[in-house]
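Work through the exercises below with the sequence and the coordinates at hand. Each task is followed by a stepwise solution.

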Amino acid sequence: MTRRPPALGALIAAVFAVAAALVPSALRAHDGRYAESGDFLNALTIWSVDAPGIVILAVVGGLYGWAYYRLRRDSPQFHFPRWHGWCFAAGWLFMLIGLISPVDTYSDDLFWVHMLQHVFITMLVAPLMLLGAPATLALRAASPRVRTTYLIPLLNSRLVRALTWPPAALTIYVASVWSWHWPDAYDAAIASEGLHFVEHGVFLFGAVLLWWLVIGVDATRLRPHHVWRCVLLVFAILQNIGLGLILINVGDPIYDTYATAAAVREWGPTALMDQRIGAGIMWVPGSMMFALAIIITVYYWAEREGFKDRRNDVVRDMQIRVHGEIPTLGPRPGEQ
């Protein structure tokens, strides 16, 4: 009996169709500076197209959809829950929204919108795509030759092990965030579409390394204990709050691009207020995502410990049934 193709590929095609319908033909691209209106309803109609980003997204989404279909077709008994596919599709959709929606259109005019774009990439896109278990899917869907020649050596390479060493992953993530928020680098990224694309790629790379260790869905040689995952997340929150406080408490706008935009337009907040709103978005929603990850990590840690206790109880019960007594495993409660 022929299995029906999964809905993931159809979802991706539908998203592209809806996006194409929403983007007005006269506003399919923008020069990245000085959007004409701050009216909310008008802003919703100003969409843009980031061609390189959309091409990469189409390739990545197509590869995932193809691998998902092949896995369902060739290995229907393999346990790969459908929620993996939906999580990946959600992350892919958030990235698409960040690239073509008014979020991208106004990111060059308002610092807080640009910060929202960064929160999308680091707090939504990266973890959701990793919850899609892309490495596991690739290993299962690839041919034996591709798996043994390319994928397994890559995942076991020294480079991957070095990048996924927790201190290295945390350092790369923090460096990616702080370095690109340096005024000169930030203004340069706004002035150059190519550099802006690189900036987003660096943010995504650093976030993927950090969330790879925290989420732990895909198999990896180094799977940190839940305690260390919480430690990574606490450090991520602290650096997030630190950078947010600096941007909030500084007395003058530090980004010339947004100061110039605020002086030219007749709508929107002042440059300093815009900067403080953006810092608040980094501080509150960003830290809340990390805090939510800590809560979930602690929950699964408790579930794991509870499972181990239940397993030990079952083993002891079986030993009682077989031997008629409980073997001595250590000092009894109250004994030294």
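**Exercise 1: A residue of helix H13**

Task: Classify Val-227 as buried, partly exposed or exposed.

Solution. Val-227 has a relative accessibility of 33%. Buried requires under 20% and exposed over 50%, so Val-227 counts as partly exposed. The model is a predicted one. Val-227 belongs to helix H13, which covers residues 226-249. Its C-alpha atom is separated by 9.7 Å from that of Ile-294, 67 residues apart along the chain.

**Exercise 2: The chain as a whole**

Task: State how many helices and strands the chain has, and what share of its residues is buried.

Solution. The count is 15 helices and 0 strands. Of the 336 residues in the chain, 40% are buried. For the contacts with a separation of 6 or more, 75% come from residues 24 or more positions apart.

**Exercise 3: The length of H4**

Next, consider burial. The buried residues of H4 include His-84, Phe-88, Trp-92, Met-95 and Leu-99. An α-helix has 3.6 residues a turn, so residues three or four places apart point the same way. Ala-89 is also in H4, and it is buried because its relative accessible area is 9%, under the 20% limit.

**Exercise 4: Two partners of H11**

Task: Describe how H11 packs against H12 and against H14.

Solution. Two packed helices are described by the angle between their axes and the distance between the axes.

Step 1. H11 (residues 183-191) and H12 (residues 193-215) pack at about 120°, with axes 5 Å apart. The pair is therefore oblique. From H11, Tyr-186, Ala-188, Ala-189 and Ala-191 meet Glu-193, Leu-195, His-196 and Glu-199 of H12. These residues divide into 5 nonpolar, 1 polar and 2 charged.

Step 2. H11 and H14 (residues 256-264) pack at about 60°, with axes 8 Å apart. H11 and H14 are therefore oblique as well. Tyr-186, Asp-187 and Ile-190 of H11 make this contact with Asp-256, Thr-257 and Tyr-258 of H14. The division here is 3 nonpolar, 1 polar and 2 charged.

**Exercise 5: The nonpolar cores**

Task: Which residues touch the most other members of the largest nonpolar core?

Solution. This core has 59 residues, and Trp-211 and Phe-290 touch the most other members. Leaving out residues up to four places away in sequence, Phe-290 touches Met-123, Tyr-173, Leu-210, Trp-211, Leu-233, Ala-236 and Ile-237. A second, separate core has 6 residues, among them Tyr-106, Leu-110, Val-113 and Trp-267.

Conventions: Residues are numbered from 1 along each chain as its sequence is written. This is a predicted model: local features need pLDDT of at least 70, side-chain atom pairs count only at pLDDT 80 or more; totals for chains, interfaces and linings use all residues. Side-chain values use heavy atoms; hydrogens and water are left out. Axes are lines fitted to C-alpha atoms, for helices over the stretch in contact, and angles run from 0 to 180 degrees between N-to-C directions. Helices (H or I, at least four residues) and strands (E, at least two) are DSSP runs, numbered from the N terminus. Angles under 35 degrees count as roughly parallel, over 145 as roughly antiparallel, 65 to 115 as roughly perpendicular and the rest as oblique. Contact means heavy atoms within 4.5 Å. Ala, Val, Leu, Ile, Met, Phe, Trp, Tyr, Cys and Pro count as nonpolar, Asp, Glu, Lys and Arg as charged, and the others, Gly among them, as polar. A nonpolar core is a set of buried Ala, Val, Leu, Ile, Met, Phe, Trp, Tyr and Cys residues joined through side-chain atoms within 4.5 Å. Buried means under 20% relative accessible area, exposed over 50%, partly exposed in between (1.4 Å probe, protein chains only).
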